[in-house]
Amino acid sequence: MTTPPRKAFPLRLDPALYAAIERAAASDLRSVNAQVECLLREALGRRGVTLDPPARARRGRPPKEDGDE
């Protein structure tokens with residue numbers, strides 16, 4: 001199972017805002033991109049917008065398939 005593709009788009013931010021997001025991301029051990037997504041999900045949740053939980057990437061080795069040998 002693969003994760004669905006992500007939508008990429010340019011985003012212009014005030015440098016001070018970006019620096020604050022970068023610090024928050026570092027303290028949460030996230031990338032800036034993941035932090036922005038988390039903040040957007042939280043803000044939408046406070047407004048009552050419900051979203052499906054994000055699809056988690058599968059980690060580790062893929063399972064062995066029978067008959068590979």
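These are my notebook entries on the salt bridges I looked up in this structure.

**Entry 1: the count.** I am working with a predicted model. I began with a general idea: side chains of opposite charge can pair when their charged atoms come close. How many salt bridges are there? I found three.

**Entry 2: E37 and R6.** I looked at E37 and R6, whose side chains form a salt bridge with an N to O distance of 2.6 Å. I then checked where the two residues sit: E37 belongs to helix α2 (residues 32-46), while R6 lies in the segment before α1 (15-27). They are 31 residues apart, and the pair links distant parts of the chain. Is R6 buried or exposed? I noted R6 as exposed, at 57% relative accessible area. For E37 I wrote down 22%, which makes E37 partly exposed.

**Entry 3: R41 and E37.** Next I followed E37 to another partner, R41, and found a salt bridge at 3.6 Å, N to O. Both residues are in helix α2 and stand four residues apart, so about one helical turn separates them. R41 has a relative accessible area of 30% and is partly exposed.

**Entry 4: R30 and D28.** Finally I turned to R30, which has a salt bridge with D28. Their closest N and O atoms are 3.2 Å apart. I looked up accessibility here too: R30 is partly exposed at 37%, and D28 is partly exposed at 40%.

Technical notes. Residues are numbered from 1 along each chain as its sequence is written. This is a predicted model: local features need pLDDT of at least 70, side-chain atom pairs count only at pLDDT 80 or more; totals for chains, interfaces and linings use all residues. Side-chain values use heavy atoms; hydrogens and water are left out. A salt bridge is a side-chain nitrogen of Lys or Arg within 4 Å of a carboxyl oxygen of Asp or Glu. Buried means under 20% relative accessible area, exposed over 50%, partly exposed in between (1.4 Å probe, protein chains only).
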